[in-house]
Amino acid sequence: MGRTGAGSLAGNKAVSQGELARNGMNDKASEMMEEEREALAADWADICVGLRKDLGQQLYGQWIRPVELGNFCRETGTLDLYLPTEFSANWVNDRFADRLSLAWKIARSEVRNVRISVHPGRRKLPDIHVGPAAANDHTPQPTNPADAIAELGSAGLDPSLTFATFVTGEGNVLAYNAAQRMAASETPQFSPLYLKAATGQGKTHLLHAIGHQFAAAKPGSRIFYCSAERFMVEFVQALRQNQMIEFKSRLRGFDMLLVDDIQFIIGKASAQEELLYTIDALLAEGKRLGFAADRAPQALDGVEPRLLSRLSMGLVADIQAADIDLRRKILEHRLTRFTSNDVPDDVIEFLARTISRNVRELVGGLNKLIAYAQLTGQPVSLNLAEEQLTDILSANRRRITIDEIQRTVCQFYRLDRSEMASKRRARAVVRPRQVAMYLAKVLTPRSYPEIGRKFGGRDHSTVIHAVRLIEDLRARDADMDGDVRSLLRQLES
Ligand SMILES: Nc1ncnc2c1ncn2[C@@H]1O[C@H](COP(=O)(O)OP(=O)(O)OP(=O)(O)O)[C@@H](O)[C@H]1O
């Protein structure tokens, strides 16, 4: 690809000759800035060549080509990259931020951070994404503020977020099944469906999957997907522009309404009322509704009771935080489905075990690692993961305490908590105590004497003996190994 094929420069104005002169800067300085701008553009063109190869023409064309190079701040090492809409900026941030940042760091060491945002000139433009999921064109289009309502009709479902790419485990299978039934059943079932989960656990993924499935099952149907925040922006805009009648009638013309991050509607009385009327109108016509939030309906303080009752009148489905088994499955699924890179089993195990806070970070960590390996030609290894994912890993390394271990072990073996420090020598007490000492050694940075003190002031040699004994028993006795594995899973989830 020629250099001119890459994204254009959005920062021209900020470093233009005229502006420099107005700021009293001399010609030399302006020449240097102009040179820097050209050098950045050249680097960006090179980076684009690599990205197009790695991502493929379609992804590259949809998400990277619209990126415009913004200003570079030497003091902070921050480079701005702009996208035309909020939706596309969020999308690129979620999926490509690490890759872009890494590529820039490799191309130019002064770039320490990459900041992805909406082009400053277009920040106020609406970005609502609605309508039947078109098969091919998912590129968000910049829109005109006067056309807030006219925009209802473009596609906005992410093509990669489908039921086929959603991996199920014990904690999310109920939500997954309900979502499938809601989308695919002949008559509406489980509607309104309310998905509840902590951040990064797949709510948005399932809402998009519902939209795709419904569009496939009922071609030509009209699907509305947006976040509650966007709903409010559109609502206020319609109010200001005296377009409420159009706004209402458009909304009520949809066959499926999917509203994400519903918690953002807290405290916004008039938008809540509008949403309530919309829900009632759609339900009366047997339309399907799906909502997602980071908390249960009852915990949405500041949302009016009538709206709460509508949100919870169908099925409220909880998506639990992915446990280690699901985290492992998600990584394996992504590897078979999306990349042919060779990622050794020990790296998968390490990531699944360590990155436990949410699936977004887990997937982001894997992507970052693979991108780094591809860009530098190094093999993926445990060392590379430790070295490249320091931020994610340290944010995820939860400090497990000896108290927590003792509590978990006592619950597991149905013992009173005081037995951990007691002098009792009955086998039913001694063995769990030894297991707890072993876990304290494996899961905490505490020394043998420190662990001994936490177990009723026992000597360090007692702890060493316990650790060796449990190691030995794990190797010989499948039941003991199963118990310890189950405790490790509970403590590390
Ligand atoms: N079970 C899963 N299988 C496959 N991918 C998943 C799963 N759960 C989450 N993901 C992926 O993790 C990332 C974050 O998921 P998603 O955006 O749906 O989270 P969320 O619950 O909506 O988070 P937030 O509340 O922060 O918006 C996405 O890339 C999504 O595809």
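Predicted model: local features only at pLDDT ≥ 70, side-chain atom pairs only at ≥ 80, totals over all residues.

**Entry on the cores.** The largest nonpolar core holds 50 residues. Inside that core, A179, L195, I210, F224 and L258 have the most contacts. Apart from it I found another core, this one of 24 residues, with C48, V67, L81 and L83 among them.

**Entry on the ligand.** Which residues are closest to the ligand? I got T199, G202, K203, T204 and H205, out of 19 residues that surround the ligand. Two elements give two or more residues to this shell: helix 6 (203-217) and helix 13 (359-376). I also sorted the shell by class and got 7 nonpolar, 8 polar and 4 charged residues.

**Entry on the annotated site.** I checked the UniProt record, an unreviewed entry, and its "binding site" annotation covers G200, G202, K203 and T204.

G202 sits in the loop between strand 5 and helix 6. Is G202 buried or exposed? I put it down as buried, because 27 other C-beta atoms lie within 10 Å and the cut-off for buried is 20 or more. Leaving aside neighbours within four places in sequence, I found G202 in contact with F166, N172, A197, I319 and V359.

K203 belongs to helix 6. I marked K203 as buried too, since it has 27 other C-beta atoms within 10 Å. Not counting residues up to four places away in sequence, K203 touches L195, A197, D260, A292 and I319. I noted that L195 also came up in the largest nonpolar core, where it is one of the residues with the most contacts. A197 and I319 had already turned up in my list for G202.

I went to the loop between helix 5 (173-184) and strand 5 (193-196), where P192 is found. What kind of peptide bond joins S191 and P192? I noted a cis bond, with omega about -5°.

F190 is in this loop as well, between helix 5 and strand 5. Its phi is near 55°, a positive value in a residue other than glycine. I counted F190 as buried because it has 21 C-beta neighbours inside 10 Å.

**Entry on helix 16 and what follows.** R414 gave me another positive phi in a residue other than glycine, near 55°. I placed R414 in the loop between helix 16 and helix 17 (427-443). With 8 C-beta neighbours inside 10 Å, R414 counts as exposed, since the cut-off for exposed is 12 or fewer.

E404 is within helix 16, which covers residues 402-413. I put E404 down as partly exposed, because it has 17 C-beta neighbours inside 10 Å. How many residues apart in sequence are E404 and L491? I got 87, while in space they are 8.0 Å apart, C-alpha to C-alpha.

Definitions and conventions: Residues numbered from 1 in each chain as written. Near = placed C-beta within 6 Å. Helix = DSSP H or I, 4+ residues; strand = E, 2+ residues; numbered from the N terminus. Nonpolar A, V, L, I, M, F, W, Y, C, P; charged D, E, K, R; others polar. Core = buried A, V, L, I, M, F, W, Y, C linked by C-beta atoms within 7 Å. UniProt positions renumbered as here; feature names shortened; annotations may be inferred. Contact = placed C-beta atoms within 7 Å.
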